[in-house]
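Here is a short report on helix packing and pockets. Look at the helices first, then at the open space.

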Amino acid sequence: MEAVSLVLSGGGVRGVGHLGLLAAMHDYGIEVSAISGTSAGAIVGTLFCAGYSVNEILDFFKNSTLFNVRNIAVTKTGILDSVKYRKTFSKLLPETFAELAIPMTICASNLQSGEPVYFDKGDLITPLLASCAVPPLFSPVSIDGDIYSDGGITDNFPIDPLLINAEGAIWGSYVVTPYHVEQDQINNSFKLALRTSILSMYHEAKHKFVAAKHVFRPNLTSIAPFNTADTDKAFNISYAAARLALEEMVNNLK
């Protein structure tokens, strides 16, 4: 099967679901030619494009200090200071997009213009920090005089750059599909805000799914978006779903 380009959505810890698809693709010998990602999808995609294995990226999520209280922002908008995570990513990643083994595009939201911006050249770390700066948890990130936040605000399925530049098939991985939930899963203010945010992003993104050859949408509603204790569970659910989907695709080609 030909190499494919991947679109990876945001989703917090649910972003580990992308790793399930990548692991299943590896099982079937399907290579990745390019990735476009936002928020958690930007983290997974950038680490993968830098040469890290699925298991190594999984370990990153398990051991992540992204929500360490020592990174609380005192003088900035946001509970956690996004810039303090530069050191974490600088230890793992090259300085520029050009140094990645696989082409990567990172989506972040320009809070001043109100538009998504797609980064694929120059400094790598700053756009990655911006793409993951989920408000109000993380403070915005400054790039060239403008301030940026989570890419999922304006584009949680950043397929547009691949439609312009990618060769071959485009597949998507969308890990925050709002499958049915029970009332007790939206019974407080935080859960309600999370649910409404997921609904809004999904209905903005779903019309783009038709532009991809395949979109994998594992049911990860049981995964808490900011609880790294759910990392293995998120991976196992998505890996099983991706294996079934790929098996069906391969059988249809026979």
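## Helices H1 and H3

Leu19, Leu22 and Ala23 of H1 meet Val54, Ile57 and Leu58 of H3. Contact means heavy atoms within 4.5 Å. By class, this contact has six nonpolar, no polar and no charged residues. Ala, Val, Leu, Ile, Met, Phe, Trp, Tyr, Cys and Pro count as nonpolar; Asp, Glu, Lys and Arg count as charged; the others, Gly among them, count as polar.

This is a predicted model: local features need pLDDT of at least 70, side-chain atom pairs count only at pLDDT 80 or more, and totals for chains, interfaces and linings use all residues. Residues are numbered from 1 along each chain as its sequence is written, and side-chain values use heavy atoms, with hydrogens and water left out.

H1 spans residues 17-27 and H3 residues 54-62; their axes come within 10 Å and cross at roughly 165°. H1 is therefore roughly antiparallel to H3. Angles over 145 degrees count as roughly antiparallel, under 35 as roughly parallel, 65 to 115 as roughly perpendicular, and the rest as oblique. Axes are lines fitted to C-alpha atoms, for helices over the stretch in contact, and angles run from 0 to 180 degrees between N-to-C directions. Helices are DSSP runs (H or I, at least four residues), numbered from the N terminus.

The crossing of H1 and H3 is left-handed. That term applies if the near helix is turned anticlockwise from the far one by less than a right angle; clockwise gives right-handed.

## Helix H2 and its partners

H2 covers residues 40-49 and packs on H3 at about 140°, with the axes 10 Å apart. The two helices are therefore oblique to each other. Their crossing is right-handed. H2 supplies Ala40, Ile43, Val44, Leu47 and Phe48; H3 supplies Ile57, Phe60 and Phe61. This contact has eight nonpolar, no polar and no charged residues.

H2 also packs against H1, at an angle of about 35° with axes 9 Å apart. Here His18, Leu19 and Leu22 of H1 touch Gly41, Val44 and Phe48 of H2. The residues divide into four nonpolar, two polar and no charged.

The largest pocket holds about 480 Å³ of space. Its lining has 22 residues, and Val134, Pro135, Leu194, Ser197 and Phe226 are the closest to its centre. On a 1 Å grid over the protein atoms alone, a pocket is an open set of points where a 1.4 Å probe fits, with protein on both sides within 12 Å along at least five of seven lines; lining residues have an atom within 4 Å of a point. Grid points are joined across faces, edges and corners, and a volume is the space filled by probe spheres set on the points.
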